[in-house]
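Hello,

Here is the structure I promised to pass on to you. Have a look at it first, and then read my notes below.

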Amino acid sequence: MDDIKLAKVESVRMIDRYNTKNPTVGTLYLTATHLIFVEPESNKETWILHMHVASIEKLPLSTTGSPLLIRCKTFLSVTFVIPKDSECHDVYTSLLKLFQPVSINKLYCFNYQPAKDDYPKSAGWDFFKLEAEFKHLLVPNDNWTLCSMNEKYELCDTYPRQIYVPKEATTLMLISSSRFRSKGRLPALTYLHNNKASICRCSQPLSGFSARCLEDEQMLEAIRKTNTNTDYMYVVDTRPRINAMANRAAGKGYENEAFYENIKFHFLGIENIHVQRASLQKVLEACEQKSPTMSAFLNALESSGWLKHIRSILDTSSFIANAVDKGVSVVVHCSDGWDRTAQVCSLAQLMLNPYYRTIKGFQALIEKDWLAFGHKFSERCGHIQTDAKEVSPIFTQFLDCTWQLMSQRSEAFEFNERFLLILHDHVHSCQFGTFVGNCEKDRLDLKLAERTFSLWGFMANHLNEYINPLYKPNVDEAIKANLAPQCIKFWRGMYCRFESGIHPREPLGDLLLDSKEHTNSLEDHVQHLSKRIASFKSYISKSAKKLQDATSTNTTKVAKEVASTPNEINDNKYNYDKKLSELSAADDDHPLKANNMSFANLSLNAEQSSSPQTLPDEIESVAIDWKPMRNVTACSCSTPFDQFSKKTHCWRCGDIFCERCIDKNVSLPGHDSGKPVPVCRGCFRQMQKQSP
């Protein structure tokens, strides 16, 4: 590849802030997609995807070499000390070209091919349809209808083609409201609760100091009328009041309660994308302190304001959720309606509806409120070279707020922390086309469903890794966030994920899930063996009865023959040999024939599907004892396990493997359910040999 000036550098030292005195020495490889550091002694590999790189900094030359500091969007921070300055410069210039392409068509997703054909390219792209998601909410109905005016994105090019509006809304109202709202983002339905209260989203009105639009006022009144519970509704502006007032000077602003009847207006104070970007940068600085004291870390975290921002987002979301739960409709906007509005609308739905707390429902929520309604993923995540001021951790904050809710109500969520981390990493990786582009129209123009793989298709093959073992499906309909300051936590698992020595060796969720899977395997095995035992009992009982009846019948027959021939020679041996020869010559299958006298040769009854000879294989196919996870430090392929590696048991042999070595799922003969379960490559090959 032309962009790679140097593909391999030896004797490179890798330094992290917890291991400055004993850096690891290895070989650095630069490929078209990854930067790979290999430690020959431990065989440990550190892979850094180019698309995950946030910044590259060439530090001043030192006595040991030329240091290259790489910070990643996954919050990995690592320094490579390269012996020669010229080699460091070549790696540096190559990475500058590779980590942030100029064109969107140069992104990783357009060249990515899975290592094995686990799923087709089309898998996942048809999992979610906007019409189906609204049908789940019982829309359209008597009050809400599908608007076809945006079929070609003429009404608003950052909205989905299918938007749902009040039935009372006229064409003039829709067009005029769109023209009166920033970026044409008119009020549209995003959620309808079971009590008829709704959440609609839009952008700020172009009101300035005194401008008004009668049709926009009528549009909001039409939204209010769809809910007969109350005679008013809330309009929530997620911005601080001072920001909204400043926008009035630019001809934008907020709704005037004097013009809009029957609304209650609220400012709820979430800061803009620039404040959030600066706040996250301070969080990273707090995490990157060398040997921080308790007070230094806490002071740095406090000065970042990050947890205050997280609480502010949860507070606004809670206000919306509580209003809807009480039967009051809410219209939400920020400036353009694609950042803070997406955060609070989706979190409010997460609190209100248990469907969105499932794996499928959460993915549907992202598809609807983030992808379809035009959150600018490519700009906010810095997928390509763009204005750095447009980059902001908006989606990261949404995942953080979700994690806060999970920490408070773990039993209410089907998914675990790993699920959120996978989402975060792949939003930035561009390995899949799901999050590429800034709106639905962008994705259609790029033909992503034809040219790239879907993240949802990939995740569907790994669902067992995302299950929360504490999940209770029948938990309360709505959940509420505890906003007490001491309940808002720093998410160590996200921002300090790669720091060794501060995490448990195995996450509690992994241990619980592993125990649950082991129990499920044993119960499935017991069920199978119980059925086999019952079948054998029935088989033996019926065979014994058949033999007993046959013996009784034959005895009676012989007695009658003896009685009818009194002159016959009274020699037991002679009579026995004679009857035996008669039986052998008979054409019918007499039960006392010599070749039918053993149980093994008697045919099995209809209930028995497999022979007794297969029983040892069935018993051996299921591991009774699973190797404990605690002291396993490396896979059999020599891949070391760290705090965020998923350790997976083979259900056949009970040993522990990394994700690369346990990529097969098959049905075990000793399981009653017949469900495919994870097995290692060795067991898979052995089973392939045994199968007929």
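**The annotated site**

In an unreviewed UniProt entry, the annotation "active site" covers Cys334. UniProt positions are given in the numbering used here, feature names are shortened, and such annotations may be inferred rather than shown by experiment. Please keep in mind that this is a predicted model, where local features need pLDDT of at least 70, side-chain atom pairs count only at pLDDT 80 or more, and totals for chains, interfaces and linings use all residues. Residues are numbered from 1 along each chain as its sequence is written, and side-chain values use heavy atoms, with hydrogens and water left out.

Where is Cys334 placed? The loop between strand S14 (330-333) and helix H9 (340-352) holds this residue. Helices (H or I, at least four residues) and strands (E, at least two) are DSSP runs, numbered from the N terminus. Cys334 has 3% relative accessibility and so counts as buried (buried means under 20% relative accessible area, exposed over 50%, partly exposed in between, with a 1.4 Å probe and protein chains only). Leaving out residues up to four places away in sequence, Cys334 touches Cys202, Gln204, Asp237, Thr238, Arg239, Asp339, Arg340 and Thr341, where contact means heavy atoms within 4.5 Å.

**The sheet and its helix**

An open sheet is formed by 7 strands in the order S4-S3-S2-S1-S7-S6-S5, with antiparallel pairing; two strands pair if DSSP finds at least two bridges between them. Strand S4 (45-49) and strand S5 (53-58) stand at the edges with a single partner strand each, so one side of each has no neighbour in the sheet. From one strand to the next, the twist averages 30 degrees. Strand S1 (residues 8-15) runs antiparallel to strand S2 (residues 24-30), and 5 bridges join them. In this pair, Val12 stands opposite Gly26 in S2.

Helix H1 (residues 85-98) lies across S1, S2, strand S3 (34-38), S5, strand S6 (66-72) and strand S7 (77-82), and runs at about 20 degrees to S6. Axes are lines fitted to C-alpha atoms, for helices over the stretch in contact, and angles run from 0 to 180 degrees between N-to-C directions.

**A buried glutamate**

Glu133 is part of helix H2 (residues 130-136) and counts as buried, at 7% relative accessibility. Residues up to four places away in sequence aside, Glu133 touches Phe128, Tyr355 and Ala364. Glu133 and Glu367 are 234 residues apart in sequence, yet their C-alpha atoms are 9.6 Å apart in space.

**Two helices side by side**

The axes of helix H12 (residues 394-408) and helix H13 (residues 417-429) come within 11 Å and cross at roughly 180 degrees. H12 and H13 are therefore roughly antiparallel to each other (angles over 145 degrees count as roughly antiparallel, under 35 as roughly parallel, 65 to 115 as roughly perpendicular and the rest as oblique). Among the residues that meet are Leu399 and Trp403 in H12 and Leu420 and Val427 in H13.

**Backbone points to look at**

Most residues other than glycine have a negative phi, and most peptide bonds are trans. A cis peptide bond joins Val139 and Pro140, with omega about 5 degrees; Pro140 lies in the loop between H2 and strand S8 (144-147). Lys196 has a positive phi near 80 degrees and is partly exposed, with a relative accessible area of 42%. Lys447 also has a positive phi, of about 55 degrees, and counts as partly exposed at 48% relative accessibility.

Best wishes
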